[in-house]
Amino acid sequence: MNETQSFDLVIRGGTVVLPDGPAQVDIGVRAGRIAALAASLPVGRAELSALDRIVLPGGVDAHCHMDQQPWEGRSTADDFRSGTLSALCGGTTTVIPFAMQMRGQSLAEVVADYHERARPKAHIDYAFHLIVGDPTPRVLEEELPRLIAQGCTSVKIYLTYEGLKLDDYEVLEVLNVARREGALTMVHAENDACIRWLTEQFLKARKTHLRYHVLAHPAAGDREATFRAISLAEVIETPILICHVSAAGAAEEIRRAKQRGLPVYAETCPQYLFLSAEDIDTPDLRGAMCVCTPPPRARENQPEMWRGLLDGTLEVFSSDHSPWHYTDKIAGGPDTPFTRIPNGVPGIETRLPLLFSAAVNGGRMSLAQFAQLTATTPARLYGLYPRKGAIVVGADADLALWDAQREVTISNAMLHHATDHTPYEGMTVRGWPVTTVSRGDIIWHEGEVRSTPGRGRFLAAARPFTPRTSLPPVLDA
Ligand code: DUC
Ligand code: ZN
């Protein structure tokens with residue numbers, strides 16, 4: 001083998017989770033890519049032992065918030081530096097956060113600004129979803145098609161939240177552009193009127209304790225909004241993905257839609273498997289650490305989320321990392337009403353270990369299924385596969401080496417995000433990613449960070465679906 005054929009790095013002796021399951025193979029890396037997978041490779045210029053390690057594709061976290069523009073006067077705690085650092089220390093090698101357009105803003109300007117925020121700081125590779133909060137004719141006809149052509153090929157819309165929510169007519173407009181452009185539309189599916197009406201009733205009755213946050217975001221409203229989003233996408237005949245599914249009813253609508261053959265995809269997050277409404281209902285304000293939307297549901301709901309993950313109803317597992325400082329969450333003092341607590345929980349670093357421990361070590365899920373949920377399927381749905389999301393020849397050498405038996409008790413002190421708490425404080429998990437490799441660089445190894453901010457690159461995503469030049473069939477009558 002001559003110099004140009006030899007490997008920059010050989011990862012040797014691990015149990016490697018290939019798309020069809022684990023195999024004992026070495027991984028040869030050349031120019032940042034996986035160049036060979038074989039039982040015994042020759043010595044490389046650098047060697048990394050994976051003995052007693054499980055080698056998984058680096059995680060793809062397809063729903064996380066970092067350095068979004070301030071909203072309602074507040075910004076989340078992580079910028080791209082701390083957010084991507086926390087991600088890589090938890091075995092994730094690709095993130096897809098959100099460039100968020102609100103009413104009155106130019107989407108193109110928001111995206112340009114977001115590139116500036118990410119470029120100097122990101123440790124790992126990143127793509128952007130486009131939040132469309134103001135679908136003006138200019139956005140629909142000019143900005144969106146151009147941004148999609150430039151590699152931002154997923155769009156997120158909200159059915160609730162002042163400044164972001166779209167009405168059904170606007171949803172149809174966005175879905176129609178997504179269909180034409182081959183983009184995927186993600187939907188935050190909660191019923192806005194339910195939330196506003198219930199919130200007002202609770203406030204009038206002076207019911208301001210944290211527990212009313214859960215009641216003001218009823219699961220029935222999620223089911224309705226999920227079904228409505230599915231129906232609107234059915235009219236346009238275009239794929240959608242329902243974000244952060246929290247409750248059995250919404251999962252049931254998604255399952256039915258899939259059974260009818262509709263291209264409906266769905267995501268859930270750690271907070272709906274490992275937290276519950278009971279964690280919010282604390283006598284003090286500590287429950288604020290678990291406040292997010294949709295909220296974690298009653299503990300009895302959790303088995304339904306597991307069922308959805310295991311039967312393929314929910315095919316993406318993301319963090320929805322949205323970290324606020326606890327001090328900001330409870331800035332209103334001991335009587336902070338539930339309406340004043342910013343929504344969101346941190347979780348980019350704990351996403352994979354929590355699932356690995358409960359699902360893989362808990363005997364519920366195979367390693368191949370774990371890789372699908374946490375890396376391969378999000379990479380496919382968001383136009384990053386096969387460069388990201390799987391251990392295959394030709395892909396970027398983005399890998400996480402796991403010590404499957406390592407017991408770790410989660411504490412905020414060990415995490416790398418910029419916020420002051422984790423809702424998972426004190427939970428013990430078995431299995432932890434001890435080495436992370438990004439494009440062949442070892443960036444995290446046995447507690448040592450070896451990365452630098454700015455090494456992450458923007459990923460221009462491919463269009464995940466075929467652009468449809470024809471009208472939606474309903475218009476072609
Ligand atoms: N809910 C969201 O939809 N996004 C960020 C935070 C949250 O709780
Ligand atoms: Zn979110």
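Visitor: In this predicted model, what is the strand order of the open sheet of 7 strands?

Guide: The order is S10-S12-S13-S14-S15-S16-S17, and the pairing is parallel.

Visitor: Why are S10 and S17 called edge strands?

Guide: Strand S10 (98–100) and strand S17 (316–317) each pair on one side only, which is what makes them the edge strands.

Visitor: How do you know that strand S13 pairs with strand S14?

Guide: Pairing requires at least two bridges. Strand S13 (residues 154–158) is joined to strand S14 (residues 184–188) by 5 bridges, so the two strands count as paired. They run parallel, and Tyr 158 stands opposite His 188 in S14.

Visitor: Which helices lie across S15 and S16?

Guide: Helix H7 (residues 219–236) lies across S14, strand S15 (240–242) and strand S16 (264–268), at about 175° to S15. Helix H8 (residues 248–259) lies across S15 and S16, at about 150° to S16.

Visitor: How many cavities of 30 Å³ or more does the structure hold?

Guide: There are 5 of them, and the largest cavity contains about 60 Å³ of space.

Visitor: What makes Ala 371 a lining residue of the largest cavity?

Guide: A lining residue has an atom within 4 Å of a cavity point. Ala 371 is listed in the lining, so it meets that cut-off. Helix H14 (367–381) gives the most to this lining, with 4 residues, while strand S2 (15–18) supplies at least two.

Terms used
Residues are numbered from 1 along each chain as its sequence is written. Chains are lettered from A and ligands numbered from 1 in the order in which they are written. This is a predicted model: local features need pLDDT of at least 70, side-chain atom pairs count only at pLDDT 80 or more; totals for chains, interfaces and linings use all residues. Side-chain values use heavy atoms; hydrogens and water are left out. Contact means heavy atoms within 4.5 Å. Axes are lines fitted to C-alpha atoms, for helices over the stretch in contact, and angles run from 0 to 180 degrees between N-to-C directions. On a 1 Å grid over the protein atoms alone, a cavity is a set of points where a 1.4 Å probe fits but cannot get out, and a pocket is an open set with protein on both sides within 12 Å along at least five of seven lines; lining residues have an atom within 4 Å of a point. Grid points are joined across faces, edges and corners, and a volume is the space filled by probe spheres set on the points.
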